[in-house]
Amino acid sequence: MKILVMSDTHGMLKYAERVLKDFEGQIEGFMHLGDHFDDALRLRRKYMKLRFWAVKGNCDFVKAPTHTIGQLLGHRMYICHGHMEDAKYDRLRLVYTAQENDCDIALYGHTHVPEIDFYNGVLIFNPGSLSLPRQGRTKTFGLLDITEEGIEAAVYGIENNNYKRLEYGYY
């Protein structure tokens, strides 16, 4: 099952809408990891046929979950923005929280910097930001291909109106 992952759109949906439109026939779901939760709801209304997960971030002042647990093909996902887990400074709390919830995938945003890592049995995945990338990065999003055999994780950047795979891992 292919899932498109985005975070930190901050009210700027141009690239989020483009990516969802371009990948619509290739993905079964999408998730928005916060900032802004309203963006996630707007996108959801346009793509009702896709499975959907969303959480609020530190810039969201709406009543919505700060984290949720998803399950796909025998894999459990801890889905959060990352600010409550202090992921901007250290990913250990994120990993421990995922483990406490029997999750083998931890997804977060908040830093605006993409990351794919594997620590202590947990895939750590941050898609970066489609609107306000940091550290001189291009606008980024992620794709997860989850099967019973494993998880393929990739971060893509948008460069010159093309998609370029920047990071990749199979777990």
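In what order do the six strands of the open sheet stand? The order is β3-β2-β1-β9-β10-β11, and the pairing is mixed. The model is predicted: local features need pLDDT of at least 70 and side-chain atom pairs count only at pLDDT 80 or more, while totals for chains, interfaces and linings use all residues. Residues are numbered from 1 along each chain as its sequence is written, and side-chain values use heavy atoms, with hydrogens and water left out.

View 1. Helices (H or I, at least four residues) and strands (E, at least two) are DSSP runs, numbered from the N terminus. Two strands pair if DSSP finds at least two bridges between them. Axes here are lines fitted to C-alpha atoms, for helices over the stretch in contact, and angles run from 0 to 180 degrees between N-to-C directions.

**View 2. Strands β2 and β3 with helix α2.** β2 (residues 29-32) pairs with β3 in the parallel sense over four bridges. Phe30 stands opposite Phe52 in β3. Helix α2 (residues 37-46) packs on the sheet and touches β1 (2-6), β2 and β3; contact means heavy atoms within 4.5 Å. The direction of α2 makes about 160° with that of β2.

**View 3. Strand β10 between its partners β9 and β11.** β9 and β10 pair in the antiparallel sense over seven bridges, and a hairpin of four residues joins them. Leu143 has Ala154 in β10 as its bridge partner. Eight bridges join β10 to β11, also antiparallel. Along this pair, Ala153 stands opposite Gly169, and Ile158 stands opposite Tyr163. The hairpin of β10 and β11 has two residues between the strands, and Asn160 takes a positive phi near 50° there. Seven of the nine residues of β10 are buried (under 20% relative accessible area; exposed is over 50%, partly exposed in between; 1.4 Å probe, protein chains only).

**View 4. The five-stranded sheet and helix α3.** Five strands form an open sheet in the order β4-β5-β6-β8-β7, with mixed pairing. β4 (67-72) and β7 (115-119) are the edge strands, and each pairs on one side only. The twist averages 20° from one strand to the next. β4 and β5 (residues 75-80) run antiparallel and are joined by six bridges; Cys80 in β5 is the bridge partner of His67. Helix α3 (residues 92-100) lies across β5, β6 (105-107), β7 and β8 (122-126), at about 125° to β8.

**View 5. The largest nonpolar core.** A nonpolar core is a set of buried Ala, Val, Leu, Ile, Met, Phe, Trp, Tyr and Cys residues joined through side-chain atoms within 4.5 Å. The largest has 19 residues, and those with the most contacts inside it include Val5, Met31, Met77 and Phe125. β1, β5, β6, β8, β9 (140-146) and β10 (151-159) each supply at least two of its residues. β10 gives the most, with three. Among the residues that Phe125 touches are Val5, Leu107, Leu144 and Val155. A second, separate core of 18 residues includes Leu4, Tyr47, Leu130 and Ala154.

Technical notes:
Lists of a residue's contacts leave out its neighbours within four places in sequence.
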